[in-house]
Amino acid sequence: MLQLCAVPQFPEGVVFQQDGAPPHYGNIVREFLDTTFPERWIGRGAVMAWPPRSPDITPLDFDLWGYVKQHVCSERINDINHLKQRITDAIHSVTPDVLTRVWEELGYRLDVCRATNGAHIQLR
């Protein structure tokens with residue numbers, strides 16, 4: 001997925017961040033990341049270590065999953081096809097304005113993380 005779908009869309013010089021899930025830590029994955037993002041990937045086994053309290057600064061964790069859940073669960077799900085359609089609709093409803101707000105929130109969260117030296121924090 002990374003190689004075929006995601007990476008071709010990344011701008012030059014992007015720093016890639018991933019979590020430490022076991023499938024993401026395999027030798028083949030780390031070799032791909034080392035080659036594709038030399039000295040520019042964050043994660044377990046990387047030159048740049050996974051930051052403390054990372055859900056605080058991971059937009060998927062602090063924003064997207066809640067957004068999707070809110071939209072998907074706003075009506076009763078009838079079957080698996082209905083669920084898939086609701087998820088697809090929720091993802092397609094993400095607008096540039098939503099992404100701008102996420103980016104602004106990420107900036108705030110990074111400031112708090114720096115100010116607390118990565119300590120545990122309660123964010124809005």
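The place of Phe32 is in helix α2, where helices (H or I, at least four residues) and strands (E, at least two) are DSSP runs numbered from the N terminus. If you draw a distance from C-alpha to C-alpha, Phe32 and Gln3 lie 8.4 Å apart in space, although they are 29 residues apart in sequence. Phe32 counts as partly exposed, because its relative accessibility is 21%; on this scale buried means under 20% relative accessible area, exposed means over 50%, and partly exposed is in between, with a 1.4 Å probe and protein chains only.

Before you go on, keep in mind that this is a predicted model, in which local features need pLDDT of at least 70 and side-chain atom pairs count only at pLDDT 80 or more, while totals for chains, interfaces and linings use all residues. Residues are numbered from 1 along each chain as its sequence is written, and side-chain values use heavy atoms, with hydrogens and water left out.

**The whole chain**

Now colour the chain by secondary structure, and you will find 5 helices and 2 strands, which follow the pattern α-β-α-β-α-α-α when read along the sequence. Of the 124 residues in the chain, 27% are buried. Among contacts between residues at least 6 apart in sequence, 46% join residues at least 24 apart.

**The aromatic rings**

Next select Phe10, Phe16 and Phe37, which ring pairs link into a cluster. Rings of Phe, Tyr and Trp (its six-membered ring) pair if their centres lie within 6.5 Å, and planes under 30 degrees apart count as stacked, over 60 as edge-to-face and the rest as tilted. By this rule the count comes to 3 aromatic pairs. In one of them, the rings of Phe10 and Phe37 have their centres 6.1 Å apart and their planes at 45 degrees, so this pair is tilted. The pair links distant parts of the chain, since Phe10 sits in the loop between α1 (2-6) and β1 (16-17) and Phe37 in the loop between α2 (27-36) and β2 (41-42), 27 residues apart. Phe10 is partly exposed, because its relative accessible area is 29%, whereas Phe37 counts as buried at 2% relative accessibility.

Keep Phe37 selected and turn to Phe16: these two rings form a stacked aromatic pair, with 5.3 Å from centre to centre and 10 degrees between the planes. Here, too, distant parts of the chain are linked, with Phe16 in strand β1 and Phe37 in the loop between α2 and β2, 21 residues apart. Phe16 is buried, as is Phe37.

**A loop residue and a helix residue**

Stay in the loop between α2 and β2 and select Glu39. Most residues other than glycine have a negative phi. Phi of Glu39, however, is near 60 degrees, a positive value in a residue other than glycine. Glu39 counts as exposed, because its relative accessibility is 57%.

Then move to Asp34, whose place is in helix α2. Asp34 counts as partly exposed at 44% relative accessibility, and from C-alpha to C-alpha it is 9.3 Å in space from Val47, which is 13 residues away in sequence.

**Helix α3 and its partners**

For the last stop, select helix α3 (residues 59-72) together with helix α4 (residues 80-92), which pack at an angle of about 125 degrees with their axes 9 Å apart. Axes are lines fitted to C-alpha atoms, for helices over the stretch in contact, and angles run from 0 to 180 degrees between N-to-C directions. That angle makes α3 oblique to α4, because angles under 35 degrees count as roughly parallel, over 145 as roughly antiparallel, 65 to 115 as roughly perpendicular and the rest as oblique. Show side chains where the helices meet, and you will see Leu64, Tyr67, Val68, His71 and Val72 in α3 against Leu83, Arg86, Ile87, Ala90 and Ile91 in α4.

The contact is made by Pro59, Phe62, Asp63 and Tyr67 of α3 and by Val98, Val102, Glu105, Leu106 and Arg109 of α5.

Note on methods:
Contact = heavy atoms within 4.5 Å.
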